[in-house]
Amino acid sequence: MSTSKSMTTYSQVLNLLPAKGYGKELNIKRAGASFDDSETIYHPEQLKIVKVYRFEGESDPADMAVIYLLHSDTDEKGFLLNAYGTYSDEDNPYYDEFIKRVPINEIEGFEI
C-alpha cells in the first residue's frame, strides 16, 4: 500500500482519476459490484486492487478515507472510496466481505 506525497486530500486525488482512466466508481451490492451502476456485475475474483491511497485527517475524522483503484477482468477501470473509522461504509452489509476477497496486485511506480 502506498500513500501520495504530492496530494493532501482525497478530493484532489478523486479529481485526477478520470484523466487517468479511473473515473468510474465501484458500487457494491448483494449481487456483486458494478462500475457506475452499469449492468455488468463483478464478483471479487473478477477484480484486482492495483493501488491503494490512504488519507488520515489529523484534525477532522471526516477526512479519514481510503481510495482503491481497481481493474476488472474485462479491462474496466475505476475506484472505490470508503471512509474509515466513524464514517465507514458499515451500513453496507456486503462491503467488508466483498472487499476482503478482492486480490491486491499493486502496479509499481504508478502515481496519480
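View 1. The model is predicted, with local features needing pLDDT of at least 70 and side-chain atom pairs counted only at pLDDT 80 or more, while totals for chains, interfaces and linings use all residues. Residues are numbered from 1 along each chain as its sequence is written, and side-chain values use heavy atoms, without hydrogens and water. Another pair across these strands is Lys-48 and His-71, which stand opposite each other. Strands β3 (residues 47–55) and β4 (residues 65–72) run antiparallel and are joined by eight bridges. Strands are DSSP runs of E, at least two residues long, and helices are runs of H or I of at least four, numbered from the N terminus. Two strands count as paired if DSSP finds at least two bridges between them.

**View 2. Three strands form an open sheet in the order β3-β4-β5, with antiparallel pairing.** Because β3 and β5 (77–83) are at the edges and have a single partner strand each, one side of each lacks a neighbour in the sheet. Seven of the nine residues of β3 are buried (buried is under 20% relative accessible area, exposed over 50%, partly exposed in between, with a 1.4 Å probe and protein chains only).

**View 3. Phe-35 lies in strand β2.** Phe-35 counts as buried, at 1% relative accessibility. Beyond its neighbours within four places in sequence, its contacts include Leu-26, Tyr-42, Leu-47, Leu-70 and Phe-79 (contact means heavy atoms within 4.5 Å). Lys-77 is 42 residues away from Phe-35 along the chain, yet their C-alpha atoms are separated by 8.2 Å.

**View 4. Lys-24 and Glu-76 form a salt bridge, 3.2 Å from N to O.** The structure holds three salt bridges (a side-chain nitrogen of Lys or Arg within 4 Å of a carboxyl oxygen of Asp or Glu). Lys-24 is in the loop between α1 (10–16) and β1, and Glu-76 in the loop between β4 and β5, so the pair ties together parts 52 residues apart in sequence. Lys-24 is partly exposed at 36% relative accessibility, whereas Glu-76 is buried at 15%.

**View 5. Lys-51 and Glu-106 meet through their side chains in a salt bridge of 3.9 Å, N to O.** Lys-51 belongs to strand β3 and Glu-106 to the segment after α2, 55 residues apart. Both Lys-51 and Glu-106 are buried.
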